[in-house]
Structure formats: structure tokens, C-alpha cells
Amino acid sequence: MEFIKPQIVIFANTENKYIINEVIAGIEEEGALYRLSYNECVDVVKMAYDAAKASVLGIGIGISEDLVCLHSKNLEINTPLILSKTSENFDPRLVGCNAAKYVKGLPLKYLD
């Protein structure tokens, strides 16, 4: 019997280590586990939805060069929890933090 860890799944198609590491830091700050995989999909919403379906917790994050998406497997594919551009005033750590908070049933932090 294989034990599957309850973890947030992250699919990324970028080599931007800053964004990936900040999202992971947000997840870790909230005490949650994660699994990072690289994915060739160009649609970040689909990537996040597929990550959510792959997660035992039902929460997934998709990261591309210019977008970050947080999704739940319980939502329709076109209605993610968070879809944000990676601009100068964007804090990717909040996406990871909100993913962990959603899993725990806590209120999400506000994104600018």
C-alpha cells in the first residue's frame, strides 16, 4: 500500500527561481507541505487546475513566466481562486501562503 502525502502540488513551466522559491516560502510559512513539478503546459489556469486534481488536498498552483494561479479541484476550471500577473508590486509569497490557508480553512490574505 502506497502512502500519499497531503501536499499542495505546484506545476511550473518557468525557470524563474525567485517566483518559485517565494511561492514555496509562503507555503512553508504556514506549515504545509508541497511538491514541485515542471510542466510543459502554456495555460497557467489549466496547469493549476491539473495540479489541484493531482493533490490529495485538492489545491494546486500553476506558475509561468508572467502569471501565477491558485486553483481548487472543487471549482470549475475557468474560476481559479487567484490569478495574478507577476509584476513589480506582486508578492508571490502570498499565493503560497493563501494556498496553505485555504487548505486549513483560514481566511485568505489580501492580494494587491
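View A. Helices (H or I, at least four residues) and strands (E, at least two) are DSSP runs numbered from the N terminus. The model is predicted: local features need pLDDT of at least 70, side-chain atom pairs count only at pLDDT 80 or more, and totals for chains, interfaces and linings use all residues. Residues are numbered from 1 along each chain as its sequence is written, and side-chain values use heavy atoms, with hydrogens and water left out.

**View B. The buried residues of helix 3.** Among the residues of helix 3 that are buried are Pro 92, Leu 94, Val 95 and Cys 97; buried means under 20% relative accessible area with a 1.4 Å probe, protein chains only. The buried residues of helix 3 pack against strand 1 (8–12), helix 1 (17–29), strand 3 (59–63), strand 4 (67–72) and strand 5 (82–85), where contact means heavy atoms within 4.5 Å.

**View D. Strands 3 and 4.** Strand 3 and strand 4 run antiparallel and are joined by 5 bridges. Ile 61 stands opposite Leu 70 in strand 4.

Notes:
Buried means under 20% relative accessible area, exposed over 50%, partly exposed in between (1.4 Å probe, protein chains only). Two strands pair if DSSP finds at least two bridges between them.
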